[in-house]
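Here is a friendly set of questions and answers to read alongside the structure. Shall we start with how the terms are set and then look at the details?

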Amino acid sequence: MDQPALKVSHLTKVFTRKGQPDFTAVDHVSFSIQAGECAGLIGESGSGKTTVVNMITRLLDPTGGSIVLNGEDITRMRGKELRKVYARMQMVFQTPAESFDPRCTLGDGIGESLRNNGRSRRETRDEVARLMEVCGLSADFASRYPHQVSGGECQRAAIARALAIKPRLLICDEATSSLDVTIQKEIIALLNKLRREKDSDLSILFICHDIALVQQFCNRVLVLYKGKIVEQGEVDAVIRNPQDPYTRRLIDSIL
Amino acid sequence: MREPTVRTQKIKKDTTRTRLIFFGILALILIICSVFCEYLTPYDPYLQDLKNAKAPPSLSHLFGTDRYGRDMLSRVIVGSKASIFSTLLLVGLVTVLGTMAGVFGGWHGKRIDTVLMRISDMFLAFPGLVFAMAVAGVLGGGLQNAIIALMAISWPKYARIARSETLVQKEAPYLKAARLSGSGTLKIVFKHILPNIIGPILVTSMLDIGTMMMELAGLSFLGLGAKPPTAEWGSRMSDARSLLSSAPWVTLSPGVAIFISVMIFNLLGDTIRDYADPKSRGR
């Protein structure tokens with residue numbers, strides 16, 4: 001498999017508002033992620049990280065550029081076609097509790113993608129139970145509602161939901177930011193375990209503002225600043241020898 | 001030094017549940033009465049007995065008789081079918097249609113939303129009941145047309161609530177997650193949006209039952225609703241108002257029936273609102 005799991009080129013988003021100057025949130029961002037690779041995307045708040053992933057998952061329409069997933073251009077896909085794409089790409093959200101429908105049980109939420117892809121009720125139930133075990137949740141969580149569980153448990157369920165359909169690319173949008181440090185560690189350990197289990201199959205795009213966490217977890221790092229990628233490369237190389245002034249500042253701030 | 005006094009605060013007992021059951025049962029009794037009204041009447045409500053016309057309330061005719069000697073109690077009971085049943089039908093229809101319009105507009109946004117909301121503004125710009133009278137007048141009398149007229153004036157309220165709630169839910173992360181799970185628009189709307197917005201809409205419609213019943217009776221009173229000899233409460237009151245001084249029971253008995261049922265449905269609506277609002281109850 002030579003083609004990258006995800007290739008993004010010249011991705012641009014310009015927000016236009018009447019009576020206000022145009023705001024370029026993401027400016028010609030290009031990068032690619034190889035199969036099995038884990039790339040970290042870091043940047044301060046407002047740098048456009050979430051806008052980038054929202055465009056990659058097509059929850060937001062890009063102004064320009066292209067998104068190629070496993071050699072397939074998904075930039076302009078809509079409707080049914082796009083829904084098929086979601087079987088290969090999943091996302092874990094920043095706010096675990098709010099990423100589950102308050103009126104549905106966690107089990108329903110985790111199994112939704114399976115049901116949508118034609119699995120029977122029974123198959124889905126068994127698979128949900130297996131996934132929850134993998135993610136370290138006991139089986140009775142399937143019948144609980146999002147407000148009845150803690151943030152860390154909810155995020156585990158969110159990871160289980162993202163993995164349910166066996167995606168090739170997993171996007172974690174600040175998946176650990178709203179959790180406390182110990183829970184954060186557990187979630188990272190869980191993600192690491194999943195990566196090793198799946199060998200070279202699962203690629204991860206890990207959005208984060210904590211460079212220490214990225215160093216621990218990722219192979220490669222992309223530094224986003226004011227909508228542009230200012231630096232990218234092997235994590236250790238970038239941290240040892242930062243080229244861009246912003247990256248330098250970022251690294252200095254934690255040392 | 002004075003000893004600190006310990007004040008105990010009385011915690012008000014939460015009676016919402018009890019009230020809900022109480023008014024729920026009362027409303028249910030009313031509805032059951034209206035469904036089985038034919039079997040509950042002591043006399044034939046349409047049978048005229050001119051010898052016995054305008055008889056005051058007595059043991060044989062508890063509510064007296066009207067100008068044709070028809071038993072008022074029977075007529076009030078039979079009238080519940082037209083009044084309560086058409087009110088519930090009206091509220092049900094307007095809730096479903098208004099919500100559909102609101103969710104549709106809120107979900108699509110942009111031009112469709114703007115058009116829908118401007119139309120609802122137009123309907124809201126007229127004083128409600130006057131507009132309903134105009135619509136019912138143009139369509140001609142009859143209970144069916146009165147229902148259509150009242151639907152025309154009351155759908156914008158539901159559309160607006162549904163729209164604003166949809167706009168809130170549309171941005172929620174769980175909808176993005178549902179989209180990523182491969183759910184189509186229809187599934188998202190019915191499985192995720194509707195259950196999350198139905199609370200406030202349901203409360204509004206429960207509170208509206210009383211108002212609608214009054215307005216329907218009002219239209220009938222003005223001759224734009226039920227046609228004689230249908231024993232609808234509003235039209236009965238209107239019909240008998242010339243007898244107010246000589247035989248007040250003919251006007252009063254349907255009036256009291258309207259009063260009681262409007263009150264029951266209003267109190268039920270209030271209770272459901274309290275019940276649905278977790279802030280007023282704790283967890």
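Rings of Phe, Tyr and Trp (for Trp, the six-membered ring) are taken as a pair if their centres lie within 6.5 Å, and planes under 30 degrees apart count as stacked. Please keep in mind that this is a predicted model.

Q: How many aromatic pairs are there over all chains?
A: Let's apply the rule just given, with centres within 6.5 Å. Over all chains, the count comes to six aromatic pairs.

Q: Which arrangement do the rings of A:Tyr225 and A:Tyr246 have?
A: The centres of these two rings are 4.2 Å apart and the planes are at 20 degrees. Planes under 30 degrees apart meet the cut-off, so the pair of A:Tyr225 and A:Tyr246 is stacked.

Q: How many residues apart in sequence are the parts that A:Tyr225 and A:Tyr246 tie together?
A: A:Tyr225 lies in strand S9 (residues 220-225) of chain A, while A:Tyr246 lies in helix H9 (residues 245-254) of chain A. The pair therefore ties together parts whose separation in sequence is 21 residues.

Q: Is A:Tyr246 buried or exposed?
A: The relative accessibility of A:Tyr246 is 4%. Buried means under 20%, so A:Tyr246 counts as buried.

Q: What area is buried between chain B and chain A?
A: The contact takes 17 residues from chain B and 22 residues from chain A. Carbon and sulfur atoms give 57% of the buried area, which is about 1,800 Å².

Q: Which helix gives the largest share of the side of chain B that touches chain A?
A: Between the chains there are nine residue pairs in polar contact and zero salt bridges. Helix H7 (173-180) and helix H8 (185-221) of chain B each supply at least two residues of this side. The largest share, seven residues, comes from H7(B).

Q: How many of the eight residues of helix H1 (residues 49-56) of chain A are buried?
A: The buried residues include A:Lys49, A:Val52 and A:Ile56. H1(A) is largely enclosed by the rest of the structure, because its buried residues number seven of the eight.

Technical notes: Residues are numbered from 1 along each chain as its sequence is written. Chains are lettered from A and ligands numbered from 1 in the order in which they are written. This is a predicted model: local features need pLDDT of at least 70, side-chain atom pairs count only at pLDDT 80 or more; totals for chains, interfaces and linings use all residues. Side-chain values use heavy atoms; hydrogens and water are left out. Contact means heavy atoms within 4.5 Å. Buried area is the accessible area (1.4 Å probe) that two parts lose on being put together, summed over both. A salt bridge is a side-chain nitrogen of Lys or Arg within 4 Å of a carboxyl oxygen of Asp or Glu. A polar contact is a pair of N or O atoms within 3.5 Å; within protein, one must be able to donate a hydrogen and the other to accept it, and residues adjacent in sequence count only if both atoms are side-chain atoms. Helices (H or I, at least four residues) and strands (E, at least two) are DSSP runs, numbered from the N terminus. Rings of Phe, Tyr and Trp (its six-membered ring) pair if their centres lie within 6.5 Å; planes under 30 degrees apart count as stacked, over 60 as edge-to-face and the rest as tilted. Buried means under 20% relative accessible area, exposed over 50%, partly exposed in between (1.4 Å probe, protein chains only).
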